[in-house]
Amino acid sequence: MAGYDFDMIVIGGGAAGLTASGIAANFGAKTMMVEADRLGGDCTWTGCIPSKTLLKAGKVARQIKDAGKYGLIDGEPNIDFKKVMQHVDHVRKEVYHDADRPEIFEDMGIEVVQGLASFKDDHTIEIEYKDGRTRSASSKYFIIATGAKAFVPPIDGIEEVDYLTNESLFEIEDLPGELLIIGGGPIGTEMSQAFVNLGSDVTVIDMADRILANDDPELVDKLHDELKKQGVNYQLNASVKKVMQDGNRIKVHVEIKGEEKVIEGDALLMATGRRANTSSLNLEAAGVKTDKGNIVVDESCRSSQSHIYAAGDVTGRYQFTHMSEHMAKIAATKALLKVVPMKIEKDMVSWATFTDPELAHVGKTEKQLKEEGEKYEVYRFPYSKIDRAVAEGETTGLVKVFAKKLSGKILGATAVGAHAGEFISEYAVAIKNGVSMRGIADTIHPYPSWGLGARRAADQWYIKNQSEWSVKLIKTVFGYRGEIPDYSDPDRVV
């Protein structure tokens, strides 16, 4: 590699880029990381960290209002929204300082450069600094991890409206009185709850007939009902025709089942998806193929050029920080070690929407299993039977596990309720390592932990595999005299 300036150049300093750079340096590769803005990317500055911090502030405000459910006195929270947003900013700066600042990576031997990178050829990039200076750098390998940005569809009038996206939402200082959100995906759903709990009137507008289209419909309905109880308004099956700015008011014109309607508010959040950041990379010069703006990669994150890899949102595959890190590990390892057989874990992708209650999933969805003709059983366990949930007044929820009847092999799992993401984490470990329902059920969990709910759900595999004839046989062989349980309900929960 002596003919190149670097062994590895990573373009992008978000979740994927930070992970890839760290792995490359740990393998002994001479590494450069180029970031156009701030290390940490969307997750630290405009995504995961600020949104979850804001959600927590909203949850605390709602707990004050609902203190009576814990035997306390209901109160009215005194919300200083500017202080809330200062807290959000403090938290993301703390995360940046502890995990993302350049010095951390420079201490690993990585050269960290702030500038805009574009390809001159398939082994060379040009870096443009903010002061106008330029620099060329060559490398044996590249990993492109430039992430994605908010996508705003070309709605009539949108250019004349002072709208928000996740990139500007966490910079506002005044609480919107009436917040309109176009988009019922994870961002729109999480922010609808955060702002309604902080005191905004919130209306979510979506063209689909339900929110969170990729999640289990039964569980989505439970979350939807809870959010409506908490005050979120919904306009679903709504086709947005145009938007208008009328002084300090924003008007959204929609069509619902053939009828036109105008929805008004004083702020508009566009939560309508994301698009890969590839326009400034000059990928044509490197011979890297794209599809609808996304870099095309194989299952090892290799692009159309064998020495150029891509990871994270820029590939358009998965819009999750944890999947960005997963892909970055694969890309860096495959590029530098070659023979290690690593591929994207397509069958056990996990995700969570961190509302209250949470909604989470891992593995195959029930829709996928039906489409693939897979034979499976559904094992359910309600939060109302989890003692910790009862103790904390968090009984709204359900765990659903999709598994093979005889072997108990877990194919997928989904949950809605408090700490659903933690339940799913246990099932993710189980799927990855071949632990069956029996394996979870036979593992001792501390009582009364939330995690016990994951075990109780696995216990249902034993329950469903019992039958009247097997119990009669046991009674006959051992001479037992008790009553036989009622097995007439196939969905009974024990």
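This is a predicted model: local features need pLDDT of at least 70, side-chain atom pairs count only at pLDDT 80 or more; totals for chains, interfaces and linings use all residues.
Biologist: At what angle do the axes of α13 and α15 cross?

Modeller: Helices (H or I, at least four residues) and strands (E, at least two) are DSSP runs, numbered from the N terminus. Axes are lines fitted to C-alpha atoms, for helices over the stretch in contact, and angles run from 0 to 180 degrees between N-to-C directions. Here, α13 (residues 420-433) and α15 (residues 452-464) cross at roughly 55°, their axes coming within 9 Å.

Biologist: Which residues make the contact?

Modeller: Contact means heavy atoms within 4.5 Å. Phe423, Glu426 and Tyr427 of α13 meet Gly453, Ala454, Ala457 and Ala458 of α15.

Biologist: Now the sheet: in what order do its strands lie?

Modeller: Strands of a sheet pair through backbone hydrogen bonds, either parallel or antiparallel. Two strands count as paired if DSSP finds at least two bridges between them. In this open sheet of three strands the order is β11-β12-β13, with antiparallel pairing. The edge strands β11 (238-246) and β13 (259-265) each have a single partner, so one side of each is left without a neighbour in the sheet. On average, neighbouring strands are turned by 20° against each other, direction ignored.

Biologist: How many bridges join β11 and β12?

Modeller: Eight bridges link β11 to β12 (residues 249-256). Glutamine 245 stands opposite isoleucine 250 in β12.

Methods
Residues are numbered from 1 along each chain as its sequence is written. Side-chain values use heavy atoms; hydrogens and water are left out.
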